[in-house]
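Look at the structure first, then read the points below.

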Number of protein chains: 4
Amino acid sequence: MSDRTGTRSGGRPRDPQLDTAILEATLHLLDEAGYTELTLEEVARRAGTSRPAIYRRWAGRAPLVLSAIATRLDVPSPPDTGCTLCDLAESFNIFLAAYRTIRPDALNALYSECVRSPELQERYRRTVVEPSRTAVRRTLEHATARGDLREDADREQLLDFVASLVHYRVLFGRHLSDDDAERAIETLLRGAAVDYGALLEHSEALENGHLDDDGTHHVHIGG
Amino acid sequence: MSDRTGTRSGGRPRDPQLDTAILEATLHLLDEAGYTELTLEEVARRAGTSRPAIYRRWAGRAPLVLSAIATRLDVPSPPDTGCTLCDLAESFNIFLAAYRTIRPDALNALYSECVRSPELQERYRRTVVEPSRTAVRRTLEHATARGDLREDADREQLLDFVASLVHYRVLFGRHLSDDDAERAIETLLRGAAVDYGALLEHSEALENGHLDDDGTHHVHIGG
Amino acid sequence: MSDRTGTRSGGRPRDPQLDTAILEATLHLLDEAGYTELTLEEVARRAGTSRPAIYRRWAGRAPLVLSAIATRLDVPSPPDTGCTLCDLAESFNIFLAAYRTIRPDALNALYSECVRSPELQERYRRTVVEPSRTAVRRTLEHATARGDLREDADREQLLDFVASLVHYRVLFGRHLSDDDAERAIETLLRGAAVDYGALLEHSEALENGHLDDDGTHHVHIGG
Amino acid sequence: MSDRTGTRSGGRPRDPQLDTAILEATLHLLDEAGYTELTLEEVARRAGTSRPAIYRRWAGRAPLVLSAIATRLDVPSPPDTGCTLCDLAESFNIFLAAYRTIRPDALNALYSECVRSPELQERYRRTVVEPSRTAVRRTLEHATARGDLREDADREQLLDFVASLVHYRVLFGRHLSDDDAERAIETLLRGAAVDYGALLEHSEALENGHLDDDGTHHVHIGG
DNA sequence: TGCTAAGCGAGACGGTACGTCCCGTCTTAAT
DNA sequence: ATTAAGACGGGACGTACCGTCTCGCTTAGCA
């Protein structure tokens, strides 16, 4: 749970309830005050302990908050309905999910501090960024396998486009509507889809309840 | 130059050399230490003055650094060579320029602090973000006028795509190569261009020295 | 009224209402907050003016407060009832009077600051100390003339004894009772009176209403 | 050594060298600049530490200076030569001693600040005032036991007279000469001695080397 | 009576010192 | 041996007040 597990051979065992108390205090404080306003002093106070007890477990504020965040963010599962358009729309939501779970301003302030250390930056990426990318990457792979995306389309670039757009809009307070997402998908798929028109038709068919016999949402190209 | 200019009716006039000294000290310190490590104490020390003299001019660290940054960032002019592909490639550079002028980590830490106040956030946007967007927006308008972009293409969305991609890649330390930019442009233009193939051909022609008679770089659609 | 009268040749005349307002604000603040807590800032605020207006009239806090005090302390008149014991008892009250008019702690803090400049010290003496001494000195002279005190008694020493005792006891918060004063007088007069016993008898006679025919309170030595 | 010793159970022990450095810096600064000009900032600077380190030990300037003074003032021992006049003369010196050890203006400014708090005032009394009074009180008791002072003489009053006279004269810059002291003693003893003339004769005899057989300085009354 | 310049009012300046918060570390006692 | 927790030394904060400077206005005295 904590970063600094140490040798843990002999000696007095660490109080595991303190781990929990500290992490919970951290999360509450993060919600209330944000990252910059969060002081270890106050975390210790709320956890009913002292600052050294925190430092013994984490190297500082950033690693502590990363640990705390990790207990709350859950690993997203890749959308895979067979409808590429729907899956992509859902993918936007996956990227948005982190910002709905943790205050975006806190996330950004945290990353600003993480940037100063390669390890922290990597840890932030693994904890906050990658899970969403991994899930959406899987979704894109499915779409490609399904034949909806061109084989030669740069899927990492697509990931970057989606992830960055969501990040940018959230960061600057311009919330991304479903419609925004839809139109963004259109732009991207025009460049990446084998047949964008077909994807669109299939999606509309779904909305109208015209499902395939087998109940899946495959897009029938050249059908 | 400073934020707190106030009424400035009566009273002893402000020493303008101090303004300069403070701003310069701020920029140097920003380059050396980044935003989080920048303290008003040290700024005052280097500027040969005292903290209150700074507080009299700026409300705090964030506004001070914004002012300092503003003296260094220059307003970009919109690329307009007639070659849409070239212009767009150049547009990526415009968005990158700010990060080359000011340490990206400093910019992000600064924005993290600005987020806490609507005014500061707005000020950051005006100072750091908008100039690039404005320039590139103009470029897109030219391209549209030229008939290279579809009339109904969402130009603000294009701006968001480009700006966010650059921001995201820089933020996470994955520097954007020229090739990356080129391929991103391809993806975006597939969705937004009237005739992407024609744009590509024109661009290649230019590289090979095949200029039009009139020396401009018009794209001849359907030519 | 103010210290710095200046050349006063041409130019805009000084607003005399400001003098008054400043002095009154000073006295009020002195009563409320004492000397150390009294700031020119606050005086100016209460007087509805600015600090420079004060500095134009007085060289600083100490001279200002001295001026303010001077408007309140009135010159005591020397006790002269003919009864030396009574007059001396009254003399103690004269020395006490200043401390009843102005907070003793304020007076002492003021003097502590005055000590740093010979002129201020002198001014303090003239304003606060000397008036009482002058009055009591007169009283002692009358007693001597009356034949109650020895010609060769050191009257300045007596003044010092009385003044210092009062100052010391007030300073250290041990208020001097009438009885204390009476017994102090006894001690001093044992050393300074021509015939202490006679003075005592006379005083007691007065209390019992045995006045001389002429209504004065002469002491009849050798009577 | 410092005021805020607290429980001192657990926790990192205080650096005792800092205590010393701070106190020494305080004394030096007190000698150089006086009390009002003494700033904790400068004390910290000279002691090579920071202001918080001082505040951790003392509640402010006054308690700090009181502690510093206490390290320099040594407890006077009561004069007891057998010659009451000599002892009293020496008693004046005891009261003067504090003012010779610490700048009188500093002492007074310090007391002016102490007055604002009962605890500080008490502490000042205990540190600066009482030691001298205690010593001289003892001397007076010896004189009484010896039969030189009247049993019913108010010895506390005598203490007040001597202490206050010294304080007053020093305060107002009128240094007390030996002769002044002698004549003051005369006045006081006229009121308090059993036989002032005999005390005087005894004292003069001592000056001329006429000691008693047993080498003590008894006063022979009625001899 | 109109002009000039001295002096006034007030605002704001540059700067010192304040008392506090929080950091990251050290130390003792307990487990 | 290692914990829990108190306290330490210190950097930086934002503020109050100081004493001074500058401005624009008022007014006396001269033309």
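This is a predicted model: local features need pLDDT of at least 70, side-chain atom pairs count only at pLDDT 80 or more; totals for chains, interfaces and linings use all residues.

In it, 35 residues of chain D are in contact with 35 residues of chain C. Chain D can be laid on chain C by a turn of 180 degrees.

**How much area is buried**

- The size of an interface is often given as the accessible area lost when the parts come together.
- Between chain D and chain C, about 3300 Å² is buried. Carbon and sulfur atoms give 55% of that area.
- Three residues stand out on the chain D side: Phe161(D), Tyr168(D) and Phe172(D). They supply 20% of the area that chain D buries against chain C, more than any other three residues.

- How many salt bridges are found across the interface of chain D and chain C? There are eight salt bridges.
- In one salt bridge, the side chain of Asp160(C) meets that of Arg174(D), at 2.8 Å from N to O.
- Polar contacts between chain D and chain C come to 24 residue pairs.

**Which parts of chain D take part**

- By class, the chain D side that touches chain C has 13 nonpolar, nine polar and 13 charged residues.

**Symmetry of the copies**

- Chain A can be laid on chain B by a turn of 180 degrees, with an RMSD of 0.3 Å and a shift of 0.1 Å along the axis. These two copies are thus related as by a two-fold rotation axis.
- For chain A, 100% of the contact residues recur in chain B, and the same surface serves both copies.

**Two helices packed in chain C**

- Two packed helices are described by the angle between their axes and the distance between the axes.
- The axes of H6(C) (residues 104-114) and H7(C) (residues 118-145) come within 8 Å and cross at roughly 145 degrees.
- On the H6(C) side, the residues are Leu107(C), Leu110(C), Tyr111(C) and Cys114(C). They meet Leu120(C), Gln121(C), Tyr124(C) and Val128(C) in H7(C).
- This contact of H6(C) with H7(C) has seven nonpolar residues, one polar residue and no charged residues.

Methods: Residues are numbered from 1 along each chain as its sequence is written. Chains are lettered from A and ligands numbered from 1 in the order in which they are written. Side-chain values use heavy atoms; hydrogens and water are left out. Copies are superposed by least squares on the C-alpha atoms of residues with pLDDT of at least 70 in both. Contact means heavy atoms within 4.5 Å. Axes are lines fitted to C-alpha atoms, for helices over the stretch in contact, and angles run from 0 to 180 degrees between N-to-C directions. Helices (H or I, at least four residues) and strands (E, at least two) are DSSP runs, numbered from the N terminus. Ala, Val, Leu, Ile, Met, Phe, Trp, Tyr, Cys and Pro count as nonpolar, Asp, Glu, Lys and Arg as charged, and the others, Gly among them, as polar. Buried area is the accessible area (1.4 Å probe) that two parts lose on being put together, summed over both. A salt bridge is a side-chain nitrogen of Lys or Arg within 4 Å of a carboxyl oxygen of Asp or Glu. A polar contact is a pair of N or O atoms within 3.5 Å; within protein, one must be able to donate a hydrogen and the other to accept it, and residues adjacent in sequence count only if both atoms are side-chain atoms.
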